[in-house]
Amino acid sequence: MRRVLLLLLTWVYAPSAVATEIDALASNPQWLALLHFPTQGDVQGSKSYVDDAGFFLAKDGVNSPRSELRATLERLREEPQLICRYPARYNWLREQGYLTDVAVPPCDEYQQWRQKLDVAEVSLVLASSYLNSPSSMYGHTFLRLDPAGDRGESDFLSYALNFGANIGAEEQDMLYIYRGLFGGYPGLFSLQPYYEKIQEYNRLENRDMWEYHLNLTATEIDRLLSHAWELRQVNFDYYFFDENCSYRLLELLEVARPGIDLTSPFEYAAMPVDTVREVVLDGMVYDIGYRPSRRLELDTLLGGLSRGEQKQAKALADGELAIDAFMQQAPEVHQQRVLLAAYRYLRYRYNEAERDPEIAQRSLSLLRAARSTGDLTFPEVPRPQRPDRGHDTSLLALSAGVDGADQYLDLNWRISYHDALDSLSGYPEGATLTMGDIVLRWQDREGLRLQRFTPISIRSLSTRDRFFSPISWQVGTGVERLSDAPEQPLVAHFTAGGGLGWARLGGTSFVMANGRLEYNSELPEDWRIAPGIELGQLWQGARYAAEIKTTLYDFGSQGVRHAVGLSLNRAVSERSALRLDLEYRDQPWGYSHGGALSWRRYF
């Protein structure tokens, strides 16, 4: 009651002492977290991340935590039913000694929601990256909510709390990238059964899922859920790099555990794997679960078969080998694993297709035959390195090299994320995804100037075998200097191609058919276009990686450009590496060669 009287006196007479108390409360990091203002550093002049006027009780609440505090105290006292709309705000203010005399109304809808969830444990889930979907190139994080008691032992009763962009079903990928980078999508929290996430990521998109079990107390879980309730249908602008799924989850965890700072390292970019690493480093994780993708489970099953057994499994799945004939000719000890492989392969191949009665019957027959050989046993999928143990996603590199007769120093900064020669630990095989890659070069004769800027470059190498026939592809754009050409012009380019890859020589052999478009207004022909071909061999590992490749582009009357390159990478630690690049070029303007040694630091 004393605080109520003081507050009323403050508003009437504005005594400085109580006004100071209100100011201090309004700048409390927990109040700022509840309003989604930055909680660290200089918050003066900052603005809430919430882009929904309906979330605020004060007209200028989006810009003023103090106004929102005063409006909240006034409105919750005048309209106690608003406590059901803002349970997290009310609970925190009550802990601070305010609104203690206000009778809490029955909040039936909120209580029913809480009882339905009955959350006893929360996990941060990381779905690994999926290069064939622009919305998932960097991975995705969400929270898993497990119910108490025996219900917590079934994934079917858990829920997923997800933040994502609200995108139309017919949205095009390139438009998604543009709007994701520059704004244009509303971001919303949503709740759905966890098994639907497993179906989406594990089975349809073939993405591994990592479940980081959080050591939140019951009180912290209560804070998290009461604030999640406040955020229902509340709109945030969605940005691909910073205000994304992972950043919003960090804000929720800051509300759950007052005083912890998770968001300040991600002011400009929040890569999902980096945010998971931050949560681990802040001691919020006590155990980690791993859920391999359906494709990885199948690969493990097929990898345990001999070539002859693989051939039989394929024939069984395709209906070219009768089950009875197989059972008569195959050793009994090998029957189950071949039948299981055929069954799983058939299910995988038609996972997204409409139901076909013939396929369904063949699938059921394979499963029954496998069961007739005894209890079903599946090989355990080897657990790969955890994503949070991989290298950081930003890079700073310093290189010393020679290009023909010229010597140079390069300074390279990459915003994100990973190229195929970086340590493979924690990253998918065959994947290159770099964004915001800039190189500045200093040369004796030319001084310091831009050598290359690549806004985005993607390469996905997938190997083909008896069972799968994926297409490898690559795309990249930016500007780069033709340093061995006369006048060393800076050209803009767009390069794209598709091809095939195979598991050979202990690595991946690949061939790509490419197209390259170049532009420079100072050249005799400002626009140039060339078909090209690329052959290469890639070896990847946690410590060593190497790639040798040759490329050829035919620019017609502008000549043919041919290059052969060799790159070696040695990971010195999780955060540093050494890289050697050698290249020989046969260009219309002559032969040249070059080489560089780089020190690379990930951060």
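User: So two strands pair if DSSP finds at least two bridges between them. In what sense do strand 8 and strand 19 pair, and over how many bridges?

Analyst: This is a predicted model, so keep that in mind throughout. Strand 8 covers residues 395–403 and strand 19 covers residues 590–602. They pair in the antiparallel sense, over 9 bridges.

User: Which residue is the bridge partner of G401?

Analyst: A596, in strand 19.

User: How many bridges hold for strand 10 and strand 11?

Analyst: 12 bridges, in the antiparallel sense. Strand 10 is residues 431–443, and strand 11 is residues 447–460. The two form a hairpin with 3 residues between them. I438 has F453 in strand 11 as its bridge partner.

User: And strand 11 with strand 12, how many bridges there?

Analyst: 7 bridges, again antiparallel pairing. Strand 12 spans residues 472–481. There, Q474 stands opposite R459.

User: What does UniProt list for residues 384–602?

Analyst: The UniProt record, an unreviewed entry, lists "domain: DUF7840" for them. In the model, that span is 0% helix and 68% strand. Its end C-alpha atoms lie 21 Å apart.

User: How do strand 1 and strand 5 pair?

Analyst: In the antiparallel sense, over 5 bridges. Strand 1 is residues 119–127 and strand 5 is residues 209–214. L124 stands opposite Y212 in strand 5.

User: Let's talk charges. Why can side chains pair that way?

Analyst: Side chains of opposite charge can pair when their charged atoms come close.

User: How many salt bridges does the count come to here?

Analyst: 46 salt bridges. One of them joins E211 and R144, at 3.1 Å from N to O. E211 lies in strand 5 and R144 in strand 2, so the pair ties together parts that are 67 residues apart in sequence.

User: Is E211 buried or exposed? And R144, buried or exposed?

Analyst: Buried means under 20% relative accessible area. E211 has 6% relative accessibility, so E211 counts as buried. R144 is at 6% too, so R144 counts as buried.

User: Which residue forms a salt bridge with R277?

Analyst: D392, with the closest N and O atoms 3.0 Å apart. R277 lies in helix 11, while D392 is in the loop between helix 16 (357–371) and strand 8. So the pair ties together parts that are 115 residues apart in sequence. R277 is buried, and so is D392.

User: What about E200 and K197, where do they lie?

Analyst: Both lie in helix 8 (residues 194–204), 3 residues apart, about one turn of the helix. E200 is partly exposed, with a relative accessible area of 28%. K197 is buried, at 3%.

User: Which residues are linked in a network of salt bridges?

Analyst: D403, D410, R441, D484, E583 and R585.

User: Last one. Where does N63 lie?

Analyst: In the loop between helix 3 (29–35) and helix 4 (65–78). N63 is partly exposed, with a relative accessible area of 49%.

User: What does N63 touch, leaving out residues up to four places away in sequence?

Analyst: F37, S46 and K47. The C-alpha atoms of N63 and S48 are separated by 6.5 Å, and these two residues are 15 residues apart along the chain.

Methods:
Residues numbered from 1 in each chain as written. Predicted model: local features only at pLDDT ≥ 70, side-chain atom pairs only at ≥ 80, totals over all residues. Heavy atoms only, no water. Helix = DSSP H or I, 4+ residues; strand = E, 2+ residues; numbered from the N terminus. UniProt positions renumbered as here; feature names shortened; annotations may be inferred. Salt bridge = Lys/Arg side-chain N within 4 Å of Asp/Glu carboxyl O. Buried < 20%, exposed > 50% of the residue type's maximum accessible area, 1.4 Å probe, protein only. Contact = heavy atoms within 4.5 Å.
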